[in-house]
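Colleague: I want to learn how to read pockets, salt bridges and surface patches. Can we work through an example?

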Amino acid sequence: MSLATARNIAIVLVIAALVVVLPGGGTGANVALQAASLVFLAALGWFASIQYRQHRTDLYSLGDRRRAVLYVAVGVAAVVLTGTSKMWHTGAGSVAWLVLLGAAVYAVVAVVLAARKY
């Protein structure tokens, strides 16, 4: 094990010990995790906006109907993925999750294949 690897492991262990020992350490860790999650979501939003601007012509060339199907499918997938933890608590929710996500994926694939046919 190299010196840099040992140093990195020691840093992680010290941070973990601080979270356990200090009062409010768990709350601080949760705040840091939420901040990291927000930064990740912001990066995803930025990436999506860049992709939209680069492929705007392709999206408008789909036509209103196919574009609406694509946007609804992406929205359904986003809502279903957001509610994954709650939907998997019941049998009916698990089935609904699978059906909705499968339908969203099918719709996106159908739109993409129809667009590439021409």
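Predicted model: local features only at pLDDT ≥ 70, side-chain atom pairs only at ≥ 80, totals over all residues.

Colleague: Let's start with pockets. What is the volume of the largest pocket?

Modeller: The general idea first. Rolling a probe the size of a water molecule over the atoms shows where empty space is left. Here the largest pocket has a volume of about 320 Å³.

Colleague: Which elements give two or more residues to the lining of the largest pocket?

Modeller: Helix 3 (56-60), helix 4 (64-82) and helix 6 (91-117) do. Helix 6 gives the largest share, five residues. The lining includes His 55, Asp 58, Tyr 71, Val 108 and Arg 116.

Colleague: How many residues of that lining are nonpolar, polar and charged?

Modeller: Nine are nonpolar, one is polar and two are charged.

Colleague: Now the second largest pocket. Which residues line it?

Modeller: Its volume is about 190 Å³. Leu 44, Phe 47, Ala 48, Gln 51, Tyr 52, His 55 and Leu 59 form the lining. Helix 2 provides the largest share, five residues. By class, the count is five nonpolar, two polar and no charged residues.

Colleague: On to charges. How many salt bridges does a search of the whole structure find?

Modeller: Again, the idea first. Side chains of opposite charge can pair when their charged atoms come close. The search of the whole structure finds one salt bridge. The side chains of Arg 67 and Asp 64 meet there, at 2.8 Å, N to O.

Colleague: Where do Arg 67 and Asp 64 lie?

Modeller: Both are in helix 4. They sit three residues apart, about one turn of the helix.

Colleague: Is Arg 67 buried or exposed?

Modeller: Read the relative accessible area. Arg 67 has 13%, so Arg 67 is buried, as the cut-off for buried is under 20%. Asp 64 has 59%, so Asp 64 is exposed, as exposed means over 50%.

Colleague: Last, the surface. Which residues form a nonpolar patch?

Modeller: Leu 38, Phe 40, Leu 41 and Leu 44 do. Together they have about 430 Å² of accessible area.

Colleague: Take Leu 38. Where does Leu 38 lie?

Modeller: Leu 38 lies in helix 2, residues 25-54. Leu 38 counts as exposed because its relative accessible area is 57%.

Terms used
Residues numbered from 1 in each chain as written. Heavy atoms only, no water. Patch = residues over 30% accessible without salt bridge, like charges linked within 9 Å, V, L, I, M, F, W, Y side chains within 5 Å. Areas by Shrake-Rupley, 256 points an atom, 1.4 Å probe, with all protein chains shown as cover. Salt bridge = Lys/Arg side-chain N within 4 Å of Asp/Glu carboxyl O. Helix = DSSP H or I, 4+ residues; strand = E, 2+ residues; numbered from the N terminus. Buried < 20%, exposed > 50% of the residue type's maximum accessible area, 1.4 Å probe, protein only. 1 Å grid on protein atoms, 1.4 Å probe; cavity = no way out; pocket = protein on both sides within 12 Å on 5 of 7 lines; lining within 4 Å. Points joined across faces, edges and corners; volume = space filled by probe spheres on them. Nonpolar A, V, L, I, M, F, W, Y, C, P; charged D, E, K, R; others polar.
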